[in-house]
Amino acid sequence: MSSVLVIGSGLGGLLAAVRAADAGHRVALVTKSVLPESNTRYAQGGIAAALFRDDSVDAHALDTLRAGAGLCDPAAVRVLCEEGPARVRDLIRFGVDFDRDESGVARGLEAAHSRSRIVHAGGDATGAAVEAALVATVRRRAAIEVREHTMLVDLLVDDDAVSGARILGPDGVQRSLEADAVILATGGAGALYTHTTNPAVATGDGVAAAWRAGASVTDLEFYQFHPTALAVPGTPLVSEAVRGEGAVLRNQLGERFMLAEHPDAELAPRDVVARAIARQMERQGGAPVLLDATALGRELLETRFPTITAACRAAGLDWAVEAIPVAPAAHYWMGGVETDTWARTTRPGLFAVGEVARTGAHGANRLASNSLLEAAVFADRAVRALDQSWPTGSEGHAHSPVSAFSHHFDEAIRSANLSHPSVEPVETAIGSPSADRATLVDRQTLQQLLWHSAGVHRSGAGLAAAAANLAEWTAPDPASTAVAALEDRNLLDLGRLLVTAALAREESRGSHYRSDFAETRPELARSVSQARSSQSRPQSLELVPAQEAIAC
C-alpha cells in the first residue's frame, strides 16, 4: 500500500482516486475549488468509443490519427481506442446514465468521425452527468481524503523524483504534502486567452508546476479553438453535435460558407472550421458568424440540447426560430506534460492524466469527443502502473534529438529572445528583463496578447512581438497566499512556453496555423518538447520524432 496524491477533480482525477482507493492505496484528493468544479462538468459533446457493431477499434483509431495531422503517437491511439469501450462501461457501472433510444444506448455523429459513435448523457450535459456520478462515488470511499479549495503551488522533488506537492489551503497557508506518487489531473489553461469555453479554474496549474519541477512538456503550440462558442458574455459552448445533427454556418448575408472551405463542410475538423469562421469574421469587420439550427425543430433542440437552449434563452435568443451568433474560443490543449502510455511523466513519481497530459493520443488536433475518453483510459492505466518500477533509458522517455532539425529549432528560440526571470539566463537564448523595465504580469493584458498573437491565426512577427512583451513581465511571488497571484505566475510561465513552441514550429499543422508558413512541412512532423533541466539552464528544446502510423 502506498500514499497517492491526486490533484484535480475532473473525470481523470476522480476516476484515478476511486481506482487507487479500490486498489488499497491511501488517497488524498485535492482540488482548487469545490469537488464538482472542473472542465469535465462543462463537456457537452459526449464520449467517443467503438461500442457498436457497425464500428471498430481500427476505424476509431484511423479517425483519431487523421485528425491528429501526423503527430499522434500510434501506441497511445491504440491504447485509447482499444480500452475506451471498457472505460465507458465502467462509467455506466459508476452510475452514468447515458441517453437511450429504441436500439439501446443512443449515439451521435460529430466532425471528422466516420461513424456515429458518440454517446451522451442528459442530451448535451454529458460532462455534468459524468462528474456527478464520480463525485458521488468518491464520497462513498472512506479511503479518499478530499481537500477542497486547495491549490497546487509547486511539486516537491527529492533526488530527481516527485515526492509530493506544496499546496495552498483554504486557510491561506502554504504547506507541503508528501506522497509516494502524485497524479496530476488539473485540466487545461483556457485562462491564457480572452475568449474560452473553460471555467475560471482552468489556469494550467499542473502543466506549469510540472515544468518547474523538471518534467518535459510537449506540443504546447497546439491549442484547439472550438469553432462555435455563443458570442455572448461568458462564451458558452455550442457543441459540435449540433452541427452533427444538421445545423449549418452562415455569414452575415445568410450564405453558407463552409461548402467552399472543405469537402465535409460544417463537419470538417475543428481547426479548419475555426479558421474559416475567423476569416469570415475578418471580412465582416469582426462580427460573429451565424449558426442556423432552425431546421432541426424546437422539440429536438430542447430535448437533445437543453444546456445550449438554456444558454440561448439567458441571452435573449430563440435558436428554434433564428440563427445564433457564434465565434471561436479557446477550448482544449492537446499539449501538456509528456507521458508514456501508462501516464508516467519524465519525472519518476509523477503521473499526468486528462487535459494536463500530452499522451500523444491527440497529436496536433484532437478528434471530437476523445477528451473524456482519454481521461478515463489513462487514469485507469496510471493506477495500474502505481506498483510498477519506473522505466529508464530506452524503456522510458529518453528521446534522441533529430540533428537535421534541432539547429533550425534552436535558432527559432534564440531569435525570440525569451525571458524566464525566475531563473538564470543561458547564453543568448533566454534573457532577463532589467530591473527598471520589469513589470508585474497583468492577466487581462496577457490574455489579450495571446488571443491576438498566439490564437487561431499566428505569424512569426506577431509571435516575436508577444515573446518580447512576455520577456518584460515578472511573475508574482511564489510564496504568495493569493490564489489569483499564483495563477498569474502559472499563466506567465505557460504563455512563454506556448509562444516558444509556436515560434519554433515554422509550418502550419493541425490547430497551429502561421500565415508566414501556411503549408504543412512533412520534414517537421516532430513534437516540440521543452524541459527546465536545472536552475542554471532554464530550459532545453528538443524535437521528438513522430511515430510511424499504425495500420488500421
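What is the relative accessibility of Thr-359, and does Thr-359 count as buried or exposed?

Modeller: Thr-359 has a relative accessibility of 2% and therefore counts as buried, where buried means under 20% relative accessible area, exposed over 50% and partly exposed in between, with a 1.4 Å probe and protein chains only. This is a predicted model, in which local features need pLDDT of at least 70 and side-chain atom pairs count only at pLDDT 80 or more, while totals for chains, interfaces and linings use all residues. Residues are numbered from 1 along each chain as its sequence is written, and side-chain values use heavy atoms, with hydrogens and water left out.

Thr-359 sits in the loop between β19 (357-358) and α10; helices (H or I, at least four residues) and strands (E, at least two) are DSSP runs numbered from the N terminus. The side chain of Thr-359 makes a polar contact with the side chain of Glu-374 at 2.6 Å, and also reaches the backbone nitrogen of Ala-361 at 3.1 Å. A polar contact is a pair of N or O atoms within 3.5 Å; within protein, one must be able to donate a hydrogen and the other to accept it, and residues adjacent in sequence count only if both atoms are side-chain atoms. Leaving out residues up to four places away in sequence, Thr-359 touches Asp-73, Ala-76, Thr-339, Glu-374 and Phe-378, a contact being heavy atoms within 4.5 Å.

Ala-76, Glu-374 and Phe-378 also take part in the packing of α3 with α10. Helix α3 (residues 74-93) and helix α10 (residues 371-384) pack at an angle of about 95 degrees with their axes 8 Å apart, the axes being lines fitted to C-alpha atoms, for helices over the stretch in contact, and the angles running from 0 to 180 degrees between N-to-C directions. The two helices α3 and α10 are therefore roughly perpendicular to each other, the term covering 65 to 115 degrees, whereas under 35 counts as roughly parallel, over 145 as roughly antiparallel and the rest as oblique. On the α3 side the contact is made by Ala-76, Val-79, Leu-80, Glu-83, Gly-84, Arg-87 and Val-88, and on the α10 side by Leu-373, Glu-374, Ala-376, Val-377, Phe-378, Asp-380, Arg-381 and Arg-384. By class, these residues are eight nonpolar, one polar and six charged, with Ala, Val, Leu, Ile, Met, Phe, Trp, Tyr, Cys and Pro taken as nonpolar, Asp, Glu, Lys and Arg as charged, and the others, Gly among them, as polar.

Helix α1 (residues 11-22) and helix α4 (residues 126-139) have axes 10 Å apart and an angle of about 30 degrees, so α1 and α4 are roughly parallel to each other. Their contact involves Leu-11, Leu-14, Leu-15 and Val-18 of α1 together with Val-130, Glu-131, Leu-134, Val-135, Thr-137 and Val-138 of α4, and the residues divide into eight nonpolar, one polar and one charged.

Two further loop residues are worth a look. Ser-511, in the loop between α14 (483-504) and β24 (526-531), is buried with a relative accessible area of 5%, and a polar atom of its side chain lies 3.4 Å from the backbone oxygen of Tyr-223. Asp-264, in the loop between β14 (248-250) and α7 (270-283), counts as partly exposed at 43% relative accessibility.
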